[in-house]
Amino acid sequence: MALTKTSFMRGMQCPKMLWLDKHKPSLKVIPPEIQARLDAGNEFGDLAMGIFGPYEEMTIYLPGTTVPDKKAMLTRTQDAMARGVEVICEAAFSNYNNYCAADILRKTETGYDIYEVKNAPEISEQFIKDAGFQYYIITRCKVRIGRVFIVIHGSDEESPFVPVDVTAQAKGYYKWVNDHIWELNRRQKEPEEIVIEPGEQCLKPYECWYYGYCHGGKQTEERGDD
Ligand code: SF4
């Protein structure tokens, strides 16, 4: 595969991060609290699959691993769409090898709506960019998308899934994705390590897992004013 939603977003934060993910992933250090947040997000996402009733999940793992078998997921998704399945979870799409898996794809009278699930109390611009990436890939696969929602974690724990319509904003990122995806694909494949000076991008929008590597072993809590 070329770029996924996650790798695209990581490359937009810092192309070196994208390069390291591909060529030197063992240098990555994921803080335990971040890992815990990722795990909680996965759990919330799993529960959200049922918000519209019966659904089919497209996830398939490579044998003996928890690594998604993207090729098999693409085939399963095509089959589910051909059968007219109303709610497809982890629906996989690929365009020129760029890949995304939509948390929930819900059939409508004219096509499908996308639901991106986030275990967070409010919408952030980063979430809308994520949804915009999915909209980009899926529409390039000639699937007609009506509305785009982000499902956030509301305050009512009895009914925590709150869809927020971000259609206009997410669709507005189509050109932004197209303007950067090909260049990031190229940079990811560069044979030599990309040289980028550490800066603001090391902490925004997310703390980089290569912080220690690029800052000479210094961890974020020791970083002082740089
Ligand atoms: S620590 Fe900073 S410079 Fe290094 S890969 Fe991460 S974002 Fe890029």
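The shell around the ligand is made up of ten nonpolar residues, one polar residue and one charged residue. In this predicted model, the residues surrounding the ligand are Cys14, Lys16, Met17, Leu20, Ile196, Pro198, Gln201, Cys202, Cys208, Tyr210, Tyr211 and Cys214. Two elements, helix 2 (15-23) and helix 8 (211-214), each supply two or more residues to that shell. The most comes from helix 2, which gives three residues.

Six of them form an open sheet with mixed pairing, and their order is 1-2-3-4-5-6. Strand 1 (56-57) and strand 6 (161-165) are the edge strands, each pairing on one side only. The partner of strand 6 is strand 5 (residues 145-153), and five bridges join the two in the antiparallel sense. Within this pair, Val151 stands opposite Pro163 of strand 6. Helix 3 (residues 32-48) packs on the sheet, where it touches strand 3 (98-107), strand 4 (112-117), strand 5 and strand 6. The direction of helix 3 makes about 145° with that of strand 4.

A helix pair remains to be described. Two packed helices are described by the angle between their axes and the distance between the axes. For helix 1 (residues 5-13) and helix 7 (residues 174-188), the axes come within 10 Å and cross at roughly 85°. Helix 1 is therefore roughly perpendicular to helix 7, as angles of 65 to 115 degrees count as such. On the helix 1 side, the contact involves Phe8, Gly11 and Met12, which meet His180, Ile181, Leu184 and Gln188 of helix 7. By class, this contact of helix 1 with helix 7 has four nonpolar and three polar residues, and no charged ones.

Notes. Residues are numbered from 1 along each chain as its sequence is written. This is a predicted model: local features need pLDDT of at least 70, side-chain atom pairs count only at pLDDT 80 or more; totals for chains, interfaces and linings use all residues. A residue is near a molecule or strand if its C-beta atom, placed from the backbone, lies within 6 Å of it. Helices (H or I, at least four residues) and strands (E, at least two) are DSSP runs, numbered from the N terminus. Ala, Val, Leu, Ile, Met, Phe, Trp, Tyr, Cys and Pro count as nonpolar, Asp, Glu, Lys and Arg as charged, and the others, Gly among them, as polar. Two strands pair if DSSP finds at least two bridges between them. Two residues are in contact if their C-beta atoms, placed from the backbone, lie within 7 Å. Axes are lines fitted to C-alpha atoms, for helices over the stretch in contact, and angles run from 0 to 180 degrees between N-to-C directions. Angles under 35 degrees count as roughly parallel, over 145 as roughly antiparallel, 65 to 115 as roughly perpendicular and the rest as oblique.
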